[in-house]
Amino acid sequence: MSRQTILIIDFGSQVTQLIARRLREIGIYTEILPSTANQAEAVAKQPAGIILSGGPNSVTSADTPRADEAVFAAGVPVLGICYGQQTMVAQLGGLVESGNSREFGRAEITIASSSPLFANDWPAASAQTVWMSHGDHVAELPDGFSVIASSKGAPFAAIADETRRYYGVQFHPEVVHTEGGIALLRNFALSICGMEASWSMAAYRAQAIAQIREQVGPEGRVICGLSGGVDSSVAAILIHEAIGERLTCVFVDHGLLRKGEAEEVVSLFGKHYNIPLIHAEASDMFLGRLAGVSDPEQKRKIIGNAFIELFDAESAKIEGARFLAQGTLYPDVIESISAAGGNHVTIKSHHNVGGLPEDMKLELVEPLRMLFKDEVRALGRECGLPESLVSRHPFPGPGLAIRIPGEITKDKLAILREADAVYLDEIRQAGLYDEIWQAFAVLLPVKTVGVMGDARSYEYVCALRAVTSTDGMTADVYPFDVSFLTKVATRIVNEVKGVNRITYDITSKPPGTIEWE
């Protein structure tokens with residue numbers, strides 16, 4: 001935390017991370033703190049400004065979260081968004097009520113007066129389209145506040161105490177549906193907080209290297225769980241830059257990888273980058289423990305525990321190895337443990353953060369933990385990784401285990417590997433790979449009757465998935481032409497023994513997740 005940081009206090013909104021993303025996009029560094037954490041301690045580190053996020057609770061209930069009094073005693077600008085506006089009003093002497101003025105979705109507000117929050121982007125008397133999501137509403141303002149924007153459903157859609165530099169908006173400027181919302185956040189950070197748009201991947205790289213060196217110390221050794229994906233690869237390169245030969249990468253071939261993946265990883269890191277690499281072939285161990293297991297959460301935890309067990313064993317062979325490096329990203333943290341203990345709802349556990357045993361012997365090093373996927377790619381380019389690796393589609397830590405709903409067997413894995421390889425090959429041949437965030441095949445625990453060569457077949461159904469996204473938090477289905485899907489289906493059915501039917505998943509996120517499990 002520093003005077004060049006915006007502190008975001010998270011009250012549990014599912015889009016809090018978008019506030020951080022929007023500010024980072026314009027060169028402002030942000031840190032997110034769950035409202036349940038020690039707010040006073042964070043505020044004492046003197047951020048340049050504070051943002052209070054939205055959240056699912058009602059300020060009218062006595063047991064819902066609040067901003068610490070230190071927030072309003074810090075003498076820095078404060079911006080409250082939705083629930084953040086409401087708790088600010090209630091805590092400073094105003095009134096918030098539950099009522100019939102609910103607004104969900106797009107709404108039109110009218111700018112009542114000029115304000116540094118709006119600057120020249122939203123002039124007085126203009127109408128602006130914003131995104132609302134609230135049931136409660138501000139009924140009375142605290143002393144010193146005035147209305148700077150209103151809507152039919154929210155007379156206090158935007159409020160300001162210009163003297164103390166306190167601002168509140170009932171709408172969500174961080175979502176793309178609020179036209180000009182990024183300009184509002186920029187005005188708050190640059191004009192009101194007096195910050196400079198100086199944060200970049202180059203700056204983050206230098207900061208991360210310094211933090212790694214401080215955590216590991218001058219003699220500490222690190223082992224890195226290397227999957228060959230973008231996240232763990234960038235983490236490995238960054239840590240190697242920080243501590244050199246004191247990093248050893250452990251590549252676990254758990255038998256759940258895509259076709260040809262193990263060979264690619266060993267070649268790239270063991271030979272090209274000359275990073276010490278241990279290749280642990282452990283497919284029998286993983287598949288044995290997964291035998292008969294169908295529940296996806298249980299799969300993830302089995303895989304997570306097996307990884308740590310292997311790392312413990314390998315680290316015992318490396319003198320001084322006390323640290324385990326992982327490529328954990330911020331979306332993993334949000335979905336798994338609700339933004340480090342905040343008020344979110346847990347969606348699913350991730351291998352990196354949800355399956356670690358409490359008695360783990362190694363201390364974690366996670367240099368990417370507060371980055372989004374596109375930021376990791378930018379960091380990879382900053383570190384000089386080849387574009388073929390940096391632009392690679394995400395691949396989950398549990399691998400194909402969560403792309404085979406139900407029990408996992410070697411036969412099913414073999415079928416899925418071939419189908420997935422055909423699918424990705426067609427995407428690359430069509431020049432679509434870089435347009436898609438993530439594409440993969442899923443082998444369903446369903447068999448259907450088909451006709452192949454004038455004979456009856458009874459084989460598996462394969463689902464295809466492809467989505468577009470910017471950070472993995474939300475995603476839309478990729479709109480393939482039917483002719484493309486037909487071509488892929490024909491190839492898979494003809495070339496992959498064990499599949500006789502293909503479907504295409506057209507579910508967005510939300511309500512679905514990108515992966516099936």
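**Close-up views of a predicted model**

View 1. The buried residues themselves are K412, L413, I415, L416, A419, D420, V422, Y423, L424, E426 and I427. At 1.5 Å a residue, the 20 residues of α15 (residues 410–429) should span 28 Å, and the distance of 29 Å between the end C-alpha atoms agrees with this. After the helix comes G431, whose phi is positive, near 70 degrees.

**View 2. The open parallel sheet.** Five strands, in the order β12-β11-β10-β13-β14, form an open sheet in which the pairing is parallel. The edges are taken by β12 (277–281) and β14 (363–365), each of which has a single partner strand, so one side of each is left without a neighbour in the sheet. On average, and with direction ignored, neighbouring strands of this sheet are turned by 30 degrees against each other. Helix α6 lies across β10, β13 (321–325) and β14, and runs at about 165 degrees to β14.

**View 3. Strand β11 and its two partners.** Seven of the seven residues of β11 (residues 247–253) are buried, and the strand is accordingly described as mostly covered. L247, C249, F251 and D253 point one way from the strand, while T248, V250 and V252 point the other way, and all are buried. With β10 (residues 221–226), β11 pairs in the parallel sense over five bridges, and C224 stands opposite C249 of β11. The pairing of β11 with β12 is also parallel and extends over five bridges; here F251 stands opposite H279 in β12.

**View 4. Packing of α6 against α13.** Helix α6 (residues 201–216) and helix α13 (residues 373–382) pack at an angle of about 80 degrees, with their axes 9 Å apart, and the two are therefore roughly perpendicular to each other. M201, A202, Y204 and R205 of α6 make the contact with E375, A378, L379 and E382 of α13. These contact residues divide into five nonpolar, no polar and three charged.

**View 5. Packing of α1 against α5.** Between helix α1 (residues 16–25) and helix α5 (residues 181–192) the packing angle is about 70 degrees, and the axes lie 10 Å apart, which makes α1 roughly perpendicular to α5. The contact is made by R22, L23 and E25 of α1 and by I182, L185 and A189 of α5. Four of the residues in this contact are nonpolar, none is polar and two are charged.

View 6. Most residues other than glycine have a negative phi, and most peptide bonds are trans. C82, in the loop between β4 (78–81) and α4 (83–91), has a positive phi near 55 degrees although it is a residue other than glycine, and at 5% relative accessibility C82 counts as buried. R165, also not a glycine, has a positive phi of about 60 degrees; R165 is placed in the loop between β8 (158–161) and β9 (166–169) and is partly exposed, with a relative accessible area of 31%. In the segment after β18, which holds P510 and P511, a cis peptide bond with omega of about -15 degrees joins K509 and P510, and the peptide bond from P510 to P511 is cis as well, with omega near 15 degrees.

Note on methods: Residues are numbered from 1 along each chain as its sequence is written. This is a predicted model: local features need pLDDT of at least 70, side-chain atom pairs count only at pLDDT 80 or more; totals for chains, interfaces and linings use all residues. Side-chain values use heavy atoms; hydrogens and water are left out. Axes are lines fitted to C-alpha atoms, for helices over the stretch in contact, and angles run from 0 to 180 degrees between N-to-C directions. Helices (H or I, at least four residues) and strands (E, at least two) are DSSP runs, numbered from the N terminus. Angles under 35 degrees count as roughly parallel, over 145 as roughly antiparallel, 65 to 115 as roughly perpendicular and the rest as oblique. Contact means heavy atoms within 4.5 Å. Ala, Val, Leu, Ile, Met, Phe, Trp, Tyr, Cys and Pro count as nonpolar, Asp, Glu, Lys and Arg as charged, and the others, Gly among them, as polar. The expected span of a helix is 1.5 Å times one less than its number of residues. Buried means under 20% relative accessible area, exposed over 50%, partly exposed in between (1.4 Å probe, protein chains only). Two strands pair if DSSP finds at least two bridges between them.
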